[in-house]
Amino acid sequence: MAEQAAGVWGAWLAERARVRHRRGLERAARGLPEGALDLASNDYLGLSRHPAVVSAAAEAARLHGAGAGASRVVTGTHPVHEQLEARLCAYTGRRSALVLSSGYAANLGLLGALAAPGTHLVMDAHCHASLVDGARLGRAEVTVVDHGSVQAVAAALQSRVAPRTAVVVESVYSVLGDAAPLAELATLCAGRGALLVVDEAHTLAATPGGCAVAAAGLADAGHVVVTATLSKALGSQGGAVLLGGAGADALREHLVNTSRTFLFDTGLGPPAAGAALAALGLADEDRIARLVARSAQVHDTLAAHPFTSARVERGRGAVHSVRMDSPERAAEAAGRLGEAGVAVGCFRPPSVPDGVSRLRVTAHADHDADVLDHALHQIATTVAEVHA
Ligand SMILES: Cc1ncc(COP(=O)(O)O)c(C=O)c1O
């Protein structure tokens, strides 16, 4: 029996590996190559190794333990979680916050809890996998609309009469780095009685003002629900749902009672919560302004370079995409750059919703402008070489 299972599963695994190889879609777990310039990680503000952040993590471990010990509804809520939730509210101008173990868990937990029968979810085609999976977790009706199109959202809202509707977008999309028109979408949703769910994974502490929803004047809009990660600009680990308006407490209560990733997952580790708390104190306007300047340098240099000008997307956030002609060329370019000491991201299906493979170049606040300039020219040259 055991041999039969090994045969069946072994054959299937071998077939899946062959398909991945044929399509140029093999991946491996990897870290930042020793000494490489980091244009690949999401540590936008360089806070993951900041001494104050690291010692806050150690202090939280000393006070509360290395792990939370249980789900947050059993014994896993520690004072550091409550301090972090209060600090997140102060930082973003939202009324109420719920911290979960990752940004992925925040999206899964929120959408799973909203997507009951009778809910219609209208999702942008470029929504992150965690939002897609959250929608799948519930039994809502889902309409996927053209990326970035307010008209398509309006048409989807018009086309269905559902008891409850929520529109799901990202403030800055992780693949193209472009921004959603939050103010327009919020007005549209308000007029239709719909919630607007905004994943701020790429903008919390990474956009002027620290929060895109607040910057759009929506911090206290009750129909706008924010999810975020603590593992990108804040350099830690974890996720959050951030709520505004008079209904904030009722929605938080609903999540505490029904969100599967809040109920059935061990609470965020105290060291990560402590680190995020310290990082929020450091993610000030000066640091964010440095990130914005380096990000503009990445975009402007690649957009002006003859080898990449036709390949860069219209990025608004810290991530910038360079379209490649095939997954193999994307992997080849990322590999060559890694060997040359420049670490860039390599996005291939299924991480790219439109099937176009890309290099992803991520700006960091602490990069030296000259070093970055040199690396950007190396990237442009390598892109040209692999397409020659
Ligand atoms: C848009 C978006 N949402 C959610 C997540 C998940 O966040 P985390 O890494 O904290 O699970 C990511 C991370 O890649 C992301 O890019």
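In this predicted model, the ligand is surrounded by 15 residues, and the closest of them are Gly103, Asp199, Thr229, Ser231 and Lys232. Sorted by class, this shell holds two nonpolar, 10 polar and three charged residues. Among the elements of the chain, helix H4, which covers residues 103-114, gives the most to the shell, contributing three residues.

| Residue | Part of the residue (N or O atom) | Ligand atom | Distance |
|---|---|---|---|
| Tyr104 | backbone | oxygen | 2.8 Å |
| Asp199 | side chain | nitrogen | 2.6 Å |
| Ser231 | side chain | oxygen | 2.7 Å |

Taken alone, the ligand would expose 390 Å², and the protein buries 82% of that area.

**The seven-stranded sheet**

Seven strands make up an open sheet with mixed pairing, and their order across the sheet is S2-S8-S7-S6-S5-S3-S4. At its edges stand strand S2 (96-100) and strand S4 (141-145), each of which pairs on one side only. From one strand to the next, the twist averages 20°. Within this sheet, strand S5 (residues 164-170) and strand S6 (residues 195-199) run parallel and are joined by five bridges; in one of these pairings, Val169 has Val198 of S6 as its bridge partner.

Two helices that pack on this sheet may be described together. Helix H5, formed by residues 129-137, touches strand S3 (119-124) as well as S4, S5 and S6, and its direction makes about 165° with that of S3. Helix H9, formed by residues 248-258, touches S2, strand S7 (224-229) and strand S8 (239-243), while its direction makes about 20° with that of S2.

**The four-stranded sheet**

Another open sheet, likewise of mixed pairing, is formed by four strands in the order S1-S10-S11-S9. Because strand S1 (37-39) and strand S9 (319-323) each have a single partner strand, they stand at the edges, and one side of each is left without a neighbour in the sheet. Neighbouring strands here are turned against each other by 35° on average, if direction is ignored. S1 runs parallel to strand S10 (residues 342-347), to which three bridges join it, and the bridge partner of Leu39 in S10 is Val344.

Helix H13 (residues 327-339) packs on this sheet, where it touches S10 and strand S11 (358-362), and its direction makes about 165° with that of S10. Helix H14 (residues 369-387), in turn, lies across S1, S9, S10 and S11, running at about 70° to S1.

Note on methods:
Residues numbered from 1 in each chain as written. Predicted model: local features only at pLDDT ≥ 70, side-chain atom pairs only at ≥ 80, totals over all residues. Heavy atoms only, no water. Pairing = 2+ DSSP bridges. Axes fitted to C-alpha atoms, helices over the stretch in contact; angles between N-to-C directions. Contact = heavy atoms within 4.5 Å. Near = heavy atom within 4 Å. Polar contact = N/O pair within 3.5 Å; in protein donor to acceptor, adjacent residues only side chain to side chain. Areas by Shrake-Rupley, 256 points an atom, 1.4 Å probe, with all protein chains shown as cover. Nonpolar A, V, L, I, M, F, W, Y, C, P; charged D, E, K, R; others polar.
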